[in-house]
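Here's a quick briefing for anyone opening this one up for the first time. Have the sequence and the 3D view handy, and we'll take it topic by topic.

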Amino acid sequence: MNEPAQALVLDFGGVITKTLFETHAETEAALGLKPGTLTWRGPFDPDTDPLWRRMQAGEISERDYWLARARETGALLGETWDRMDQLLRRARGADLMRSVRPEALAAIRTAKAAGKRLAILSNELDLFYGADFREKLPFLADFALIVDATYTKILKPDPRAYRLVTDGLGLAAHDCVFVDDQLKNVRGAEAVGMRAVHFDVRDPADSFARALARLGMTTRSEASA
């Protein structure tokens, strides 16, 4: 366990991409809503978001949370939205790269340059973004494996979800560093033997630095500082 890990396994929404909580202004502009209309702030201000607190308490699932947000946002426009991808597509438009964290791209480049394997483990990748979005994100070509519960139907923190990654990469669990913004998913990874980092959406640079440290490296920006 003292040896550097060999693979970086990332959650997608919230880790690779910014959360919708961080882009309320852009969403309001895209939808023609008055600034300040969207008040739910999730982890940035749990007091504003009772539904988020229910999700964190395990009373509802993450999918339930975002479906509720999609429905209520659609209702603001006089529309019926019953899929999560309707919210994402309308909020972020065609240029999905604008929502990708630059810190994520730096970490991906650093890990790839060091010969580390890259994988994504997501509960709702295509369910949330739509099946055709991947072609708009060229960096996904660097990933050896994408495990998406949209198709597997196995949600984190089910141990089988993590084993799909280790089996797919042909690596032991302790050779993988898993990064997720949901603590229950981090604990699920640790339970199967992965090294895990709880991603802080309020400090993405530090979160990726901690993940890369477990791979035995730093980000390029840190290395050149």
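Let's start with helix 5, where Ala104, Leu105, Ala106, Ala107, Ile108, Thr110 and Ala111 are buried. Keep in mind that this is a predicted model.

**Helix 5**
- Helix 5 covers residues 102–113, and at 1.5 Å a residue its twelve residues should span 16 Å.
- Just past the end of helix 5 sits Gly115, with a positive phi of about 80°.

**Aromatic rings**
- You'll find 15 aromatic pairs in this structure.
- Take Trp52 and Tyr65: their ring centres are 5.7 Å apart and their planes sit at 85°, so this pair is edge-to-face.
- That pair ties together parts that are 13 residues apart in sequence, because Trp52 belongs to helix 2 (residues 50–56) and Tyr65 to helix 3 (residues 62–76).
- Both partners are tucked away: Trp52 is buried, with a relative accessible area of 8%, and Tyr65 is buried too, at 0%.
- Phe199 and Phe208 make another edge-to-face pair, since their ring centres are 5.1 Å apart and their planes are at 70°.
- Phe199 and Phe208 are both buried as well.
- Ring pairs also build a cluster, linking Phe12, Phe21, Trp40, Trp52, Tyr65, Trp66, Phe128, Tyr129 and Phe133.

**The loop between helix 7 and helix 8**
- Pro157 sits in the loop that runs between helix 7 (149–152) and helix 8 (159–169).
- The peptide bond joining Lys156 and Pro157 is cis, with omega at about 10°.
- Lys153 is found in that loop too, and its phi is near 65°, a positive value in a residue other than glycine.
- Is Lys153 buried or exposed? Lys153 is exposed, with a relative accessible area of 63%.

**The largest pocket**
- The largest pocket holds about 470 Å³ of space.
- It's lined by 33 residues, and those closest to its centre are Thr19, Trp52, Asp181, Gln182 and Val201.
- So Trp52 turns up again here, because this buried residue is also among the ones closest to the pocket centre.
- Which helices each supply at least two residues of this lining? They are helix 2, helix 3, helix 4 (84–92), helix 6 (125–129) and helix 9 (183–191).
- Helix 6 provides the largest share, three residues.
- By residue type, the lining of the largest pocket splits into 13 nonpolar, ten polar and ten charged.

**The second largest pocket**
- About 210 Å³ of space lies in the second largest pocket.
- Its lining is made up of Lys18, Thr23, Glu26, Thr27, Ala30, Ala91, Arg92, Asp95, Arg98 and Ser99.
- Helix 1 (24–31) and helix 4 each contribute at least two of the lining residues.
- Helix 1 gives the most to this lining, with three residues.
- Sorted by type, the lining of the second largest pocket has two nonpolar, three polar and five charged residues.

Definitions and conventions
Residues numbered from 1 in each chain as written. Predicted model: local features only at pLDDT ≥ 70, side-chain atom pairs only at ≥ 80, totals over all residues. Heavy atoms only, no water. Phe/Tyr/Trp six-rings, centres within 6.5 Å; stacked < 30°, edge-to-face > 60°. Helix = DSSP H or I, 4+ residues; strand = E, 2+ residues; numbered from the N terminus. Buried < 20%, exposed > 50% of the residue type's maximum accessible area, 1.4 Å probe, protein only. Expected span 1.5 Å × (residues − 1). 1 Å grid on protein atoms, 1.4 Å probe; cavity = no way out; pocket = protein on both sides within 12 Å on 5 of 7 lines; lining within 4 Å. Points joined across faces, edges and corners; volume = space filled by probe spheres on them. Nonpolar A, V, L, I, M, F, W, Y, C, P; charged D, E, K, R; others polar.
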